[in-house]
Amino acid sequence: MTTYRQRLKQTFGYLFSGLSFDTVYYSRRNLHYGYVILSFHKIVTEPYFRPQMTLARDVFAGLLDYLHSRYEILSLEQLAEHDVDTPHDAIKIVLTFDDGYRDNYTNAYPELKIRRLPATIFLSTGYIGSQRILWWDLIDGIVRNYTSFSLADRAIIDAFIFNLLKVQRAEIRPVNNLTNVLVNKIKTISTHDRTIIEEQVLPLYHSIKNTHGNRLMLDWSEVVEMSGDMINFGGHTVNHPNLDDISTATLEYELMQCKQAIENKIARPVTTFAYPSGRHSATMYPLLHKHGYRLACTTNSGLYQPSKENIYCIPRIDITTQSVSVDGVNFSPALWNYQLFKNIQ
Ligand SMILES: [Zn+2]
């Protein structure tokens, strides 16, 4: 469905790029030193309950073709080594993925591979090749299958999810809305409290039929295969905690253990990092440096200009189906240009 707002954005995007305003704008604002670091989570061929984390594979392919024809695409590791004082003719692009979803291997990797494009995937290592799943997927699985649980199991779910978060299950429909309400509530509680919920309901999740066959996260053999072939891996902690909500000792463990786990598997240094849920502060920069990370990405929006931003506070532009496609299938260059303009102000 094309909304009035989307048509406006498209029109703006066409004007911005079509009449070469983009070239003039970038040179006026001296943005030639800039890098656009794109962030993705899931590259999908099927609907997912959080559209704000997904990009349809067809749209992703269209985006890659467009970027490939217009921009230089660097790896994040090259950015770390780049001579930041060298001006370049146009903004340069870097591709990154957060969390380590399995669809990065099944859907994103084939599209990157045929175009020979580099990308970095940030891994939360406690979830790679394990039975654990990220807490929002865990909550979704539990909520979606609520009626299939026994009364005793439902009592646990009621106590540790609905009552604890003060959400009335029956009042919110459809199920996607219910899960999103819970996810948004959980974002406001402490990592400690969230971990208690996870520990209580994870066994129930694994008792649901078919969840075993439907693996959500990458495993190490997939990581190793991609690692030899244009794909780099960065740290995203072990347990995906809110880093501003844990002790310094735990923070150091998360940084060090995650890096070691990846390096042991891919036999290459891991030098890049992304903050889980973007939660970070300047006090973390020296610790990242101490543990061998050379740069870190946030979830702040914007253009990265090395002369202006700290290398441990790199902004990115998050790309979803909705942000760069009108019909959910085709990539829209106009909407891309709108996103670019909006995010580099
Ligand atoms: Zn994450």
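The centres of domain 1 and domain 2, taken over C-alpha atoms, sit 30 Å apart. The chain is divided into domain 1 (4–130 + 218–343) and domain 2 (135–207), with bounds that come from an automatic or database domain assignment. Keep in mind that this is a predicted model, where local features need pLDDT of at least 70, side-chain atom pairs count only at pLDDT 80 or more, and totals for chains, interfaces and linings use all residues. Residues are numbered from 1 along each chain as its sequence is written.

How do the two domains touch? Six residues of domain 1 are in contact with seven residues of domain 2, where contact asks for C-beta atoms, placed from the backbone, that lie within 7 Å. The domain 1 side of that meeting has three nonpolar, one polar and two charged residues. For these classes, Ala, Val, Leu, Ile, Met, Phe, Trp, Tyr, Cys and Pro count as nonpolar, Asp, Glu, Lys and Arg as charged, and the others, Gly among them, as polar.

Now go to helix α6 (residues 135–144). Helices here are DSSP runs of H or I with at least four residues, strands are runs of E with at least two, and both are numbered from the N terminus. Eight of the 10 residues of α6 are buried, so the helix is largely enclosed by the rest of the structure. Buried means that 20 or more other C-beta atoms lie within 10 Å of a residue's own; 12 or fewer makes it exposed, and anything in between is partly exposed, with C-beta atoms placed from the backbone. The buried set is Trp 135, Asp 137, Leu 138, Ile 139, Asp 140, Gly 141, Ile 142 and Val 143. Their cover includes α7 (151–165), α8 and α9 (191–207).

Take α8 (residues 175–186) to start with: its axis and that of α6 come within 10 Å and cross at roughly 140°. That makes α6 oblique to α8. On this scale, angles under 35 degrees are roughly parallel, over 145 roughly antiparallel, 65 to 115 roughly perpendicular, and the rest oblique. The axes themselves are lines fitted to C-alpha atoms, for helices over the stretch in contact, and the angles run from 0 to 180 degrees between N-to-C directions. From α6, Trp 135, Trp 136, Ile 139, Asp 140, Val 143 and Arg 144 meet Val 175, Leu 178, Thr 179, Leu 182, Val 183 and Ile 186 of α8. Sorted by class, the residues of this contact are nine nonpolar, one polar and two charged.

Next comes α9, whose axis also comes within 10 Å of that of α6, with a crossing of roughly 50°. These two helices are therefore oblique to each other as well, but their crossing is left-handed. Here Trp 135, Leu 138, Gly 141 and Ile 142 of α6 meet Arg 194, Glu 198, Val 201, Leu 202, Leu 204 and Tyr 205 of α9. The residues of this contact split into seven nonpolar, one polar and two charged.

What about α7? Ile 157 is found in this helix, and it counts as buried because it has 21 C-beta neighbours inside 10 Å. Beyond its neighbours within four places in sequence, Ile 157 is in contact with Ile 142, Tyr 146, Phe 149, Phe 162, Val 201 and Leu 204. The peptide bond from Arg 173 to Pro 174 is cis, with omega near -15°.

A couple of backbone angles deserve a look too. Most residues other than glycine have a negative phi, and most peptide bonds are trans. Asp 99, in strand β5 (residues 92–99), has a positive phi near 95°. Asp 99 is buried, with 24 other C-beta atoms within 10 Å. His 240 also has a positive phi, near 55°, and lies in the loop between β7 (231–235) and α11 (248–266). His 240 is buried, again with 24 other C-beta atoms within 10 Å.

Finish at Gly 302, in the loop between β9 (295–301) and β10 (314–318). Gly 302 is partly exposed, with 18 C-beta neighbours inside 10 Å. Setting aside neighbours within four places in sequence, its contacts are Pro 315, Asn 343 and Ile 344.

Note on methods: A crossing is left-handed if the near helix is turned anticlockwise from the far one by less than a right angle, and right-handed if clockwise.
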